[in-house]
Amino acid sequence: MDSAETSQVRLHAWAEGDFWLLQRANSPEMTEHLGGPETEEKLVDRHRRYVGLGPGCMYRVTSADTGDTVGSIGFWEREWRGEKVWETGWGVLPEFQGHGFAAAAAHAVVEEARAAGEHRYLHAFPSVDHHASNAVCRSAGFELLGTAEFEYPKGHWITSNDWRVDLGEG
């Protein structure tokens, strides 16, 4: 899908011209809960994965009112506790944080994952210390299942909350 929409945000499938957004989001402030900024080479690799992502999709998120790019969100396949599930993650640029864009994008990506079919569950794994992302999960209707230890990026272990939406409901 090229573009999904709610009253607050639009999701645009990740494209070649969206690399600048990865660069903008690669700041200490934006990567504090993800192990810190990545090298340019890793950003290029990430961009390549986002452009060709499948199954799943990465999106550039824009404000439905102004058209400003406010961040990114996506969903992709992962193995979790013996089954294939969708995983989601997002980031909102600092100047747009606190205005509900992440929650609106999370609601939209739940619908995109539901429409994609394939898997019953969509999970999000924010760090237990990332209060804003945990609040987004609550707001978007995710159920808290508990905590989990994750190595992300390689060599950096974090304790995350395991939030889940049942895509078979709704």
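Let me start with a charge and a ring. The charged end of R164 sits over the ring of Y121, 4.0 Å from the centre of that ring. Keep in mind that this is a predicted model, so let me say a word on confidence before going on. The mean pLDDT of the protein is 92, and 97% of its residues reach 70 or more. Among the elements, strand β6, residues 121-124, has the highest mean pLDDT, at 98. At the other end is strand β1, residues 3-5, where the mean is 68, the lowest among the elements. Where pLDDT is low, the predicted coordinates should not be read in detail.

Next, the aromatic rings. How many aromatic pairs does the structure hold? There are six. A pair of aromatic rings is described by the distance of the centres and the angle of the planes. Take W14 and Y50: their ring centres are 5.2 Å apart and their planes stand at 85 degrees, and planes over 60 degrees apart count as edge-to-face, so this pair is edge-to-face. These two residues come from distant parts of the chain, 36 residues apart. W14 is in the loop between β2 and α1, while Y50 is in helix α3, residues 40-51. Are they buried or exposed? Both W14 and Y50 are buried.

F96 and F101 make another edge-to-face pair, with 6.1 Å from centre to centre and 80 degrees between the planes. The cut-off for buried is under 20% relative accessible area. F96 has 18%, so F96 is buried. F101 has 11%, so F101 counts as buried as well. Then there is a cluster: W80, F125 and F150 belong to one aromatic cluster.

Back to helix α3, which also holds H47. With a relative accessibility of 4%, H47 counts as buried. What does the side chain of H47 reach? It reaches the backbone oxygen of E16, at 3.2 Å. Leaving out residues up to four places away in sequence, H47 touches W14, A15, E16, D18, F19 and L22. W14 in that list is the residue whose ring pairs with Y50.

E41 is in helix α3 too. Is E41 buried or exposed? Its relative accessible area is 61%, and the cut-off for exposed is over 50%, so E41 is exposed. For a sense of distance, take E41 and S63: they are 22 residues apart in sequence, and their C-alpha atoms are 29 Å apart in space.

Last, the strands. Strand β3, residues 56-63, is mostly covered, with seven of its eight residues buried. It has a partner in β2: the two run antiparallel and are joined by five bridges. One place to look is H12, whose bridge partner in β3 is R60. Strand β3 also pairs with β4, residues 69-80, again antiparallel, through seven bridges. Here you can look at Y59, which has I73 as its bridge partner in β4. The hairpin of β3 and β4 has five residues between the strands, and in this hairpin G67 takes a positive phi near 85 degrees.

Key:
Residues numbered from 1 in each chain as written. Heavy atoms only, no water. pLDDT = per-residue confidence, 0-100. Helix = DSSP H or I, 4+ residues; strand = E, 2+ residues; numbered from the N terminus. Phe/Tyr/Trp six-rings, centres within 6.5 Å; stacked < 30°, edge-to-face > 60°. Buried < 20%, exposed > 50% of the residue type's maximum accessible area, 1.4 Å probe, protein only. Lys NZ or Arg CZ within 6 Å of the ring centre and 35° of its normal. Polar contact = N/O pair within 3.5 Å; in protein donor to acceptor, adjacent residues only side chain to side chain. Contact = heavy atoms within 4.5 Å. Pairing = 2+ DSSP bridges.
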